[in-house]
Amino acid sequence: MLFAVRTPGHAFLWFVLFSLLDVAPIQAQNVAPPGATVKLGIVSFLTGPAAAPFGIPGRNGAEIMIETMNAGKVPTPFNKVGFGGSTIDAKYIDETGSTANVVTEFRNLVQRDQVDAVVGYVSSGSCLAVTPVAEELKALTVFYDCGTPRIFEEKPRAYVFRVSPHATMDNVAAARYLLAKKSDITSYSGLNQNYAWGQDSWRDFAAAMEVLAPKMAVDKVLFPKLFAGEYGAEISTLLTSKSQVLHTSFYDGDLEAFIYQEQARALDKRMTILSTTGETAIWRLRDKMPNGTIIGARGTNGPLAPDSELNRWFQKIYSDRYGIPPTYPAYQMAMSLLGLKLAYEKAKTGEAKPTTDEVAAAFKGIEFEGPSGSVKLAIGDGHQGISQTAYGTYRFNKEKNEPEIVDVVRFPAECVNPPAGLKADDWIKDGMKGAKC
Amino acid sequence: MVWSDRIAAGSAFLAAVIAGFVLPDWMISLATIAFANGLVVLGLIVMWRAGLVSFGQALYYCMGGYAVALIGRWGGVTDALLLVLLGGLSAAGVAFVVGFLLARYREIFFAMLSLALSMILYGLLVKTESLGSTDGLNVTAPTFLGYAPHQEELLVALYFLVLVVCATAALLISAYFRSLAGALAIPVRDNELRVEFMGMSVSRLIHTKLVISGLLAGTGGALVALAIGHVDPNMSYWTTSGEFVFITILAGAGSVGAAFIGSLAFESVRSFAFTMLPQLWQMLLGSVLLLTILFLPQGLGSLIQRLHWGRKAKAP
């Protein structure tokens, strides 16, 4: 009756319908093993633009780690079955949707599904929104990929942990690498997505450069729209610039689109591209990624990971299963799960399941070696991990027909992370005092 | 309103109140958000009846949410009722101002212009790094007339606040639908010229509807901000508006109650889809909408009306 004859346009209905029908590629679903005792909620982007570069590698990292943990096949000292002998039952949830949605699903995991811990979240927005709820519900939560330092800076947290280092070190190390390797530069430009990640990355990088090389000029500062996909105007602007370096925190589709488009116009012949998250794209871009690009991996992950038994093992099981080497989100997930496993096993004294408070107490300040080297929950009152990081220069090895990162420089954790109790922004602005390089 | 409707509405409210005491926390939290979103849908229905589809309700929704977050943060106001009122009023204020422009447009032009306005707010918020850009900011925990609950009590208190606000809104809006201005919605949709000849100002009628729907959307946004404890610019993104239009189609514009039933159904289906098909949940949600359009073209709300007609046919 009310929709009759003059509906306000059927086109809308189809419009809404198709935008919601946006279907993601089908992935094999994980089947939880029977007789499971420790329940984990794994939250990551399974659909949408952030799924391919971060969400799916993270999910896959969780799947393969949980499978091998349950089989007791992780090398020592992680060789106990599951978490301290109890097998893990994982539930995978999509992070896509509004903040209200993310928080509702978090509550569902904790209160409806009664999970023992939640591991996940790629978007810093999700992490910031989930943190107060996790604290309120006293639910043990480990963030694996989100980078904002705000989580432990705004308030001390009791139940929220992040093994992966926050984003500050990515850009501080990028500035240090750049200045160590290219002494002849006089100015630099930036191309970052216009949203929190891009803005924060650029702010940290520019502030670190200001401290380390005060005479260096900033030329073009560009903030195109997130997922714009077309960078003709930006490339034209950059071609008129005399800067020798271009800082970018682009990832996935945006990074690939930009690289393809700039190569046609030889921007990379004029200025070196410094890509703080470039590692996620090298296996897809291969010889399309310009040689000489400075590559970061948000810590010592992927090809920048130290050569160790644990790392070789992780590379092998992951590549065998998914046909592509693990990128940094997979490493971050593996590290987060291993940290949680150690904390759980440290808290478990008898046969009984440890309480959340016991696991949280054991988690605090934990230090261990994983596939991406050693990590220590040293800042944020023992809730935030710091680790060494590394940058390198990209080269496509034609003989071996595979990408490689050469000229790697490693930076100790204390060199690129703020000391405990200091806000990351303030630490950089005040001249990065106390950095031990 | 006929007696049977009053009884139905009363018992639905009573059932919702009782549910607050018996249901598990996660369901209460889901229902809180669903009912708060139902207010936004109710606002859409107000305009839908006049033949207008707004693809920019997110503007008012986001205004309400950010007003709560900022007034709480800078003004130190923590009283939930006051915050919700301020959130709703600030959105209504915005609706009043943009209404001078919007009330002149119809159909796709109205839809696209409203969408554009909400995207302007989105753009502004993304540019504002001091408000956390796309990461948004936390909302401080509210108090209720000096009572500061925590955990489960806070959840239940917010649920009751949402129920009270929704019930008040539902009563007022159904009274509005029965008033002259409300009843003129359908004539406005069918033939504006005739309404003008009757001596009524169509643009004033539509302007009033815009302010009402802005107030409702702002109140909804304010309640969601309190329930979630976080606001971000995505509240103003066009997909958020699209979701409200989706729920309106699902619910149907037939009655006031449909807005809340539709919103609850939508949240439940989505949550169910998330659990069942973590990587294909959009498929399930899309199929539900497709089936609704095919078999219930007037939405879930039309089921209630069908029951009515069935009864009337039996006892003339």
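## Two chains of a predicted model

A compact globule of 316 residues would have a radius of gyration near 20 Å, and chain B, with 19 Å, agrees with that. The model is a predicted one. Along its principal axes, the C-alpha trace of chain B spans about 55 × 45 × 45 Å. Chain B holds 14 helices and two strands. Of its contacts with a separation of 6 or more, 81% are between residues 24 or more positions apart.

Chain A has 16 helices and 15 strands. Its radius of gyration is 22 Å, close to the 22 Å that the globule rule gives for 437 residues, so chain A is as compact as a globular protein of that length.

In chain A, contacts between residues at least 6 apart in sequence join residues at least 24 apart in 69% of cases.

### Confidence in chain A

The average pLDDT of chain A is 87, and 92% of the residues score at least 70. Over residues 1-35 of chain A, pLDDT stays under 50. For that stretch the model has 54 contacts beyond four places in sequence.

### The contact between the chains

The contact takes 45 residues from chain A and 50 residues from chain B. On the side of chain A that touches chain B, at least two residues each come from α1 (10-20), β2 (88-94), α3 (99-112), α4 (124-137) and α7 (196-212) of chain A. The element that gives the most to this side is α3(A), with nine residues. By type, the residues of the side of chain A that touches chain B are 24 nonpolar, 14 polar and seven charged.

### Helix α5 of chain B

Helix α5 of chain B covers residues 107-127. At 1.5 Å a residue, its 21 residues should span 30 Å, and the end C-alpha atoms are 31 Å apart, which agrees. The buried residues of α5(B) are B:Phe110, B:Ala111, B:Ser114, B:Leu117, B:Ser118, B:Leu121, B:Tyr122, B:Leu125 and B:Val126. An α-helix has 3.6 residues a turn, so residues three or four places apart point the same way. The cover over the buried residues of α5(B) includes α3 (57-75), α4 (80-102) and α11 (238-251) of chain B.

### Strand β3 of chain A

Strand β3 of chain A, residues 117-120, is covered on both faces. A:Ala117 and A:Val119 are buried on one side, and A:Val118 and A:Gly120 are buried on the other. In a regular strand the side chains alternate between the two faces of the sheet. Strand β1 (residues 38-44) of chain A pairs with β3(A) in the parallel sense over four bridges, and A:Val43 stands opposite A:Gly120. Strand β4 (residues 141-143) of chain A also runs parallel to β3(A), joined by three bridges. There, A:Phe143 is the bridge partner of A:Gly120.

### A:Gly392

A:Gly392 lies in strand β14 (residues 389-397) of chain A. This residue counts as buried because it has 23 C-beta neighbours inside 10 Å, where the cut-off is 20 or more. Not counting residues up to four places away in sequence, A:Gly392 touches A:Ile295, A:Leu304, A:Ile405, A:Val406, A:Asp407 and A:Val408. A:Gly292 is 100 residues from A:Gly392 along the chain, and their C-alpha atoms are separated by 9.1 Å.

Conventions: Residues numbered from 1 in each chain as written. Chains lettered and ligands numbered in written order. Predicted model: local features only at pLDDT ≥ 70, side-chain atom pairs only at ≥ 80, totals over all residues. Rg over C-alpha atoms; globule rule 2.2 N^0.38 Å. Contact = placed C-beta atoms within 7 Å. Nonpolar A, V, L, I, M, F, W, Y, C, P; charged D, E, K, R; others polar. Expected span 1.5 Å × (residues − 1). Buried ≥ 20, exposed ≤ 12 C-beta atoms within 10 Å, placed from the backbone. pLDDT = per-residue confidence, 0-100. Pairing = 2+ DSSP bridges.
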